[in-house]
Structure formats: structure tokens, C-alpha cells
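We will go from stop to stop, with something to select at each one.

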Amino acid sequence: FSERFLGTAFGSREVFRGLGIFFDTYANQNGQHAHEHPYISVMVNNGSRAYDHDKDGTHTELAGCSSDFRNRPHSLAVIRYVNRQLSLLLKYPGVEKDTDCFTVEDVDLPIGYYFGISAATGDLSDAHNIHSIRTFEVDVPLSAQELVRDPSRIEPSAGHAAPSRAHVPDDPQPSRAARFMWTLFVWTFALSCLGCCGYFGYLYYHRRQRQLKRLY
């Protein structure tokens, strides 16, 4: 595995050509999402865009769905690409109804590409094991347009995309040094207040003692 394939898209390159399906268990974006995590998203890229990990890929996704695939004995993801239609179906043990994650039309994918799997995590981590990957060829009649096209020269693209949203930057997060200084300030202020309370309490106590001695 060459370092030229490493990147910020869950350990792989954020700029790529082809199809990317991302199983994301944690929301990195600080702002509000239009969905909940865990979240599964798909992106078709011709090498001109980058998957933004800090924004959870929400500005380049083709489609997606929220589905809790964590902490299950096993699960099955059925990815189907037939006649320019891309779909994802999720099957979970003990759940009778399958989860229809997405179905997208007008997706162009070339042949001659490779399967790749990567993963990355931060401080909060899960263990996900891939037991197997199986591929099947679907025998369906091709349209006249499909018959004359050279599949090896197709440019990865999609005629549909998720509604665009304004790319609003997150509020700047304080650095580690700033958090340390703020914590130090809070503790110093709290100890100072405690010391002042103790000092004035001590003065009040001795003043009361002197007053009592005068009375007796």
C-alpha cells in the first residue's frame, strides 16, 4: 500500500476518481447536520473535488441515509449498479425489513477500476471487521446508447446530487494552549475566591472573639 493513496478521507485520498461510499459513525462538523450519525453517504468524483472530512462530506455527497450499523453482530450492505442506476440496501440480523438507503439515477462509472477499503478514527473508536466482499455480474439487456459507448472511456459522473447548502465555516475552536490558559484562570480565580473567603472569615471570627471577651 503506497503512501500516495493515504489521505484524510477515512485514511484514503480525499481527491479520487470513481465511486466512494463512506460509513461514518461520528459527526465531525460542529454545526447542525441535516441528518443523524451513523451516516452512510456516496460520492462520485472525477478527480476535480475533494471529500471534506471535517464537514463529513456533506457538500459533495450524491445521496445518503442515517442508519445505525454500530454494535450489531453483523450487517450486509448490498451495492447495486445496473443501467446507470446506483443503489444501496442494508440488511441487519433480526430486522425483517431491509433499509433502502438510496437509489440514484444517471450515474456513470467506467470499468477497469479497483476496489479499495480504508478506515481511520480519532479518540472515539469502534471495531468494524469486514468478513467478505462478493461481486456478481448482473445480466440485463443494454440500451442502444450503452451498446455503442466504450465503458473504459466513461468519465465518472452523476446527473443528480444532494441539494447544495451554503458552506458555512464552523465557529473557531480554541487551541489546546488557550484551553489550558482558560482552565488555569478558572482554577486561579476559584482558589483566590476561596482564599479571600477564608481570610475574611478568619478576621470575622477573631473580631467576634474580642467582642465576647469585652462582654465577660
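This is a predicted model: local features need pLDDT of at least 70, side-chain atom pairs count only at pLDDT 80 or more; totals for chains, interfaces and linings use all residues.

Where is P38 found? Select P38 and you land in the loop between strand 2 (15-24) and strand 3. Strands here are DSSP runs of E with at least two residues, and helices are runs of H or I with at least four, both numbered from the N terminus.

Residues are numbered from 1 along each chain as its sequence is written, and side-chain values use heavy atoms, with hydrogens and water left out.

Colour the chain by pLDDT, the predictor's confidence in each residue on a scale from 0 to 100. The chain's mean pLDDT is 82, and 85% of its residues reach 70 or more.

**The whole chain**

Switch to a cartoon view. The chain holds 2 helices and 9 strands, and from the N terminus on the elements run β-β-β-β-β-β-β-β-α-β-α. Of the 216 residues, 22% are buried; buried stands for under 20% relative accessible area, exposed for over 50%, and partly exposed for what is in between, with a 1.4 Å probe and protein chains only. Contacts (heavy atoms within 4.5 Å) can be sorted by separation: of those with a separation of 6 or more, 60% are between residues 24 or more positions apart.

Two strands count as paired if DSSP finds at least two bridges between them. Strand 5 and strand 6 pair over 7 bridges; pick Y81 and you will find L86 of strand 6 opposite. These two strands form a hairpin with 2 residues between them, and N83 in the turn has a positive phi of about 50°. On the other pairing, 5 bridges join strand 6 to strand 7, and S87 stands opposite T103 in strand 7.

**The nonpolar cores**

Next, show side chains. A nonpolar core is a set of buried Ala, Val, Leu, Ile, Met, Phe, Trp, Tyr and Cys residues joined through side-chain atoms within 4.5 Å. Which residues have the most contacts inside the largest core? Select L90, C101, F102 and V107; the core has 16 residues. Strand 3, strand 4, strand 6 and strand 7 each supply at least two residues of this core. Centre on L90: leaving aside neighbours within four places in sequence, L90 is in contact with residues including F23, I40, C65, L76 and C101. Apart from this core lies another, of 6 residues, with F10, F16, F22 and M43 among them.

**The loop between strands 3 and 4**

Select T60, in the loop between strand 3 (39-50) and strand 4 (63-66). T60 is buried, with a relative accessible area of 12%. Not counting residues up to four places away in sequence, T60 touches M43, R49, A50 and Y51. D56 is in the loop between strand 3 and strand 4 too, and has a positive phi of about 60° although it is not a glycine. Is D56 buried or exposed? D56 counts as buried, at 2% relative accessibility.

Jump to D106, in the loop between strand 7 and strand 8 (107-108). D106 is not a glycine either, and its positive phi is about 60°. D106 is partly exposed, with a relative accessible area of 38%.

**Last stop: residues 180-205**

Select residues 180-205, which an unreviewed UniProt entry annotates as "transmembrane region". UniProt positions are given in the numbering used here, feature names are shortened, and annotations may be inferred rather than shown by experiment. In the model the span is 100% helix and 0% strand, and its end C-alpha atoms lie 37 Å apart.
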